[in-house]
Amino acid sequence: MNFTDIWRQHDFGEVSRRIASKTPADVGRALAKPRGRVDLEDFAALLSPSAGPHLEAMAQAAHRSTVERFGRTMRLYAPLYLSNACANVCTYCGFSAHNKIRRKVLSDAEILAEARVLKQHGFDSVLLVTGETGRVGTDYIAHALRLLRGHFSGLWIEVQPLDQDDYARLGSEGLSAVMVYQETYDPAAYARHHLSGPKADMAYRLGTPDRLGRAGIRKVGLGALFGLSDWRADAWFTGLHLRHVETVHWRTKTSLSFPRLRPHQGEEIPVTPFGERDLVQAACAFRLLSPEAELSLSTREGAEFRNKAFRLGFTAMSAGSRTNPGGYASEPESLEQFAIDDDRSPAEVAAFLRSQGYDPVWKDWDKTYDGFSRAVPAEAAS
Ligand code: SF4
């Protein structure tokens, strides 16, 4: 069954009310479950207001589970923005089509200049990000992968949702992972915040992880933009999606992010509160639901918070991020998608992790593990 059909069986408001009705006894039962046995009802209890007083116990359990599975390691990554062109109107984003900003699509030389800066910092995997428009469609992304695959062992993308055949083609060009955040699973909020453009088709976006799994992409990233609707229900639906991918597409690894709304170009929008304590509760609940998923903590959050929270289930952190095309090398002043909060360099983040007994890891995967040929095309070698 496709996830979209599963999603249709649940009402967002009813899920919200069910989470709110969970009791301290439900939370206690969820916390007593052995590692890997937490189900979606337990997950609802761990996300509920009743779990608030149990946050310390949740944090300790999440930390133990993470160290058992991943050791004391933290994968570091950085986004490389290829373009800020976008055909969608999203209320919460600086790149939204209705904002009058200068649009830019990086040339080959600019992409390679950005890549050089990231390599100098030590990164061996990179997340390529674009707005969502045909200007940066499958051909452009395939070309970018070809340019970069000789330079990085892991190539991730966060771009518009594509068809299964497009993903299969990009996989053959060296694509390792795709981040496709649903933003919100609440259909009313989704319609309120996605006013026009292809992204307004909620069902197509919901079906993207299934298309990725069927195309054989190695890792898929899920998440909601917390603040667009009730965060507890959005987190539960993300957990439902995660369970679906882990069960149906079991060869595909999973990654989760916890983006919160950040200042951006354009009008302020009403936001449902999602504070740092809520983020910690959500991350711990996800770790207890899934011992295997990668949990990512981004530079949207401040250094002080990240320095405390990184032990609580997280296994990946962005560092030194720029959220504008050309931000590392050619156009540091161009418009950002959103403001980052932790502006430490990758070396500073790595030094902090080492001081805490953690190993920073700069690499995600090696193609030799799955037989992918790393032939370097002529244009990338020059
Ligand atoms: S969130 Fe993505 S799709 Fe929406 S305006 Fe921003 S770049 Fe475009």
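The dialogue below reads several features of this predicted model in turn.

Student: What does the radius of gyration say about the protein chain, and how many helices and strands does the chain have?

Tutor: The secondary structure of the protein chain comes to 16 helices and 11 strands. Its radius of gyration is 20 Å, close to the 21 Å that the globule rule gives for 382 residues, so the chain is as compact as a globular protein of that length. Along the principal axes, the C-alpha trace spans about 65 × 45 × 40 Å, and buried residues make up 48% of the 382 residues. Of the contacts between residues at least 6 apart in sequence, 79% join residues at least 24 apart.

Student: Which residues have the most contacts inside the largest nonpolar core?

Tutor: The general idea is that, in soluble globular proteins, nonpolar side chains tend to be buried together. Here the largest nonpolar core has 102 residues, and those with the most contacts inside it are Leu-46, Leu-47, Leu-80, Val-126, Leu-128, Ala-283 and Ala-285. Helix α13, residues 276-289, gives the most to this core, with 9 residues. If residues up to four places away in sequence are not counted, Leu-46 touches Val-27, Ala-30, Ala-51, Met-58, Ala-285 and Leu-288.

Student: Why does Gly-171 count as partly exposed?

Tutor: Gly-171, whose place is in helix α8, residues 164-172, counts as partly exposed because it has 18 C-beta neighbours inside 10 Å, whereas a buried residue needs 20 or more. Leaving aside neighbours within four places in sequence, Gly-171 is in contact with Ala-215, Gly-216 and Ile-217. The C-alpha atoms of Gly-171 and Asp-341, which are 170 residues apart along the chain, are separated by 33 Å.

Student: Which residues surround the ligand, and how do the residues of that shell divide?

Tutor: The ligand is surrounded by Cys-86, Asn-88, Cys-90, Cys-93, Phe-95, Ser-96, Gly-131, Glu-132 and Lys-199. The residues of this shell divide into 4 nonpolar, 3 polar and 2 charged.

Key
Residues numbered from 1 in each chain as written. Predicted model: local features only at pLDDT ≥ 70, side-chain atom pairs only at ≥ 80, totals over all residues. Core = buried A, V, L, I, M, F, W, Y, C linked by C-beta atoms within 7 Å. Buried ≥ 20, exposed ≤ 12 C-beta atoms within 10 Å, placed from the backbone. Helix = DSSP H or I, 4+ residues; strand = E, 2+ residues; numbered from the N terminus. Contact = placed C-beta atoms within 7 Å. Near = placed C-beta within 6 Å. Nonpolar A, V, L, I, M, F, W, Y, C, P; charged D, E, K, R; others polar. Rg over C-alpha atoms; globule rule 2.2 N^0.38 Å.
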